[in-house]
Amino acid sequence: MTDVSLSKEAIEKPRNQWWDVWDQFKTHKGAVFGLGFLIFITLFVSIGPLLWDVDPGKLNIRNKDVRPIYMGLFDSGAKVNWANPMGTDNLGRDIMANIMQGGRISLAVGWTAMILAVFLGTLIGVLAGYFRRLDGLLMRFTDLVLALPLLPLLLVMMLLFRDPLRAAFGPENGIFILIVTGIGITSWMQTARIVRGDVMALKEREFVLAARSIGTPARRMITRHLLPNVLSPIMVSATLGLATAIITESALSFLGLGFPSDFPTWGKILFDSVDRMTAFPERVIWPGLAISLTVLAVNYIGDGLRDALDPRIRGH
Amino acid sequence: MLTYTLRRLLMSIPTLLFIAFVIFMLLELAPGDPMAQMPLTIPPEVKQQMREALGLGEPWYIRFPLWLNQFFIVEPQYWIDNAFGTNFADGAQRIISFQSRSPVFDVIAERLPQTLWVVAMSYVVGVLIALPIGIISAYRQYSVFDQAGTFVSMIGFSVPPFFSGVLLIVIFSVQLKWLPSIYDTTHVVNDWQSFKFQLQQMIMPVMVLALQTTAQVSRYMRASMLDNLGQDYVRTARAKGMSESVVVMKHVLRNSMIPVVTVIALGIPSIFGGAIITEQIFKVNGLGQLLIIALQGSDIPMVMTITFLLAVLIVMMNLIADVLYGILDPRIRYD
């Protein structure tokens, strides 16, 4: 018996470590829910418009101010319509189609800005941690950027660079580039600090010494030995970055300095609906819920990832 | 400690100069023109004169030192003159807003009390709520209370103020009609009735801002308490037969407060940032709203001054946090 089980273990293939991470991740209920919701909302905004084939910008003034379908339950006189399950706005545009289209832009901005911020943060963190000569300079720079009042500066950037970028890249792409760059270059600092600290600690380890002793050049040292080892803090800060990027984009739209009003984003829909929220509270609640639940889901995923990627917690 | 504080104060001067330079250059490079709103019929030479009247005729390397001079020397002189009736300033040029043509600092002084009331109040309320939540969550780790606290702080992190504020307005102003949705800053408190109204109108903006603070501070408090609860000195205190309340509230709490105090100090600038959005929702005519209006009107001196004041706040709070950390924790030695 013992022999059989032993040999069985012996032939069993070594398991990829990401399966361990996944097993640990699955034990975190909130994180699994978060991942489920994120997948759902991504499908909702990406595949949704294919199934729900309504033009979000189409005006239908005869069909304006339709209440969402559940209002028919409380109030038999409410204007409801199965063709517009979430209702329509004051110009008769379908709210569900708008939420889908807005989600596309909001999520696209969030992901792109997060990738940019993580890329910048990792680059600066690795450079500062690995090359001692750059360390002082880069970290002083990081501290300086951290001391800047970021939200006002972001607002200034939005306002001042909006028109030239719109002229150069077209209205939608120009604002997209502006918002993504703005959020990206104002949120890389935490990642840079974490990565720098980890790289500095890793640099003193034996395997790095061994790699150096066989003459590994700095470039390969970083890509082959250091980056894979700092992947987990980078992933955790990436999830946080996605959450903040989505919130920042909506905040800019909410302050009236984001996308122009014919390009709906969640923040923009919320901003446009605030004036009529007394009569139609659902119009602020749909986009607000979409933002909050997405960010909540991403935060829970980050929480679960942090536990799952920490080998000291894993397996307990 | 004193030398450290002095060194940090000296170090913050180049930092602030650099920040001022960044903000100035950002506004300078930007193509936004304060003359853009003027009628097109104005002849170009008149337009040029108007630009010069606004102080825009000179190149940046002359205007930047001028601005610094106005901000750091002329404006404090005016304060001193106002306070003591002296005449240091001697009619020197102050920083003038493009929009209202009045000194920027006078406008800021008008707006500051409203912002300070709401912001300071919400910060105090947020911290006061957060501390007990953090303490109980750590003491009863993994209990129902702890789980609920974690969930609430997750919500505080995730729900942006422009949604929580709007949601509160929908519930309490629109549906229940308990609270006013607009903050009336002209309201004067002189008797019980007006005090009650003041409380009513402050609850929502304060709670919206406090939710963010609570979420953050309670997490730190919990983590810090958990770190300390497992330490040997706690076991010693219990072994000596001290009551549980003394152990937790005296021994553990005091030590756990050290990192939390610095977090509280560091969070102050960010709550001013949050005030920009909250003031927009509740129509408080405070600094945040002033910044938005100035931005929309290309009022460069106003934007520059407010943004720079926020930067000063951030740098000062960083300094205070570091110094406090050194004072509170005898293990930290900066010298």
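pLDDT is the predictor's confidence in each residue, on a scale from 0 to 100. It matters here since this is a predicted model: local features need pLDDT of at least 70, side-chain atom pairs count only at pLDDT 80 or more, and totals for chains, interfaces and linings use all residues. Residues are numbered from 1 along each chain as its sequence is written, while chains are lettered from A, and ligands numbered from 1, in the order in which they are written.

For the complex, the predictor gives an ipTM of 0.80 and a pTM of 0.84. Chain B has a mean pLDDT of 83, with 94% of its residues at 70 or more.

| Helix of chain B | Residues | Confidence in chain B | Mean pLDDT |
|---|---|---|---|
| Helix 2 | 44-53 | lowest | 74 |
| Helix 8 | 232-239 | highest | 90 |

Now for how the chains meet. The contact (C-beta atoms, placed from the backbone, within 7 Å) takes 37 residues from chain B and 32 residues from chain A. On the chain B side, helices 1, 5, 6, 9, 10 and 11 each supply at least two residues. Helix 11 of chain B gives the most, with 8 residues. That side has 30 nonpolar, 7 polar and no charged residues, where Ala, Val, Leu, Ile, Met, Phe, Trp, Tyr, Cys and Pro count as nonpolar, Asp, Glu, Lys and Arg as charged, and the others, Gly among them, as polar.

Next, the core. A nonpolar core is a set of buried Ala, Val, Leu, Ile, Met, Phe, Trp, Tyr and Cys residues joined through C-beta atoms within 7 Å; buried takes 20 or more other C-beta atoms within 10 Å of a residue's own. The largest one has 140 residues, and L291(B) and V303(B) have the most contacts inside it. Its largest share, 15 residues, comes from helix 6 (residues 95-130) of chain A. Setting aside neighbours within four places in sequence, V303(B) touches V156(A), L27(B), L291(B), A294(B) and L295(B).

Within chain B, helix 6 meets helix 7 through residues including L168(B) and F172(B) on helix 6, and M204(B) and L211(B) on helix 7. By class, that contact has 9 nonpolar, 3 polar and no charged residues.

Helix 11 (residues 206-213) of chain A is another story: of its 8 residues, the count of buried ones is 0. G215(A) follows that helix, with a positive phi near 85°.

Terms used. A residue is buried if 20 or more other C-beta atoms lie within 10 Å of its own, exposed if 12 or fewer, and partly exposed in between; C-beta atoms are placed from the backbone. Helices (H or I, at least four residues) and strands (E, at least two) are DSSP runs, numbered from the N terminus. Two residues are in contact if their C-beta atoms, placed from the backbone, lie within 7 Å.
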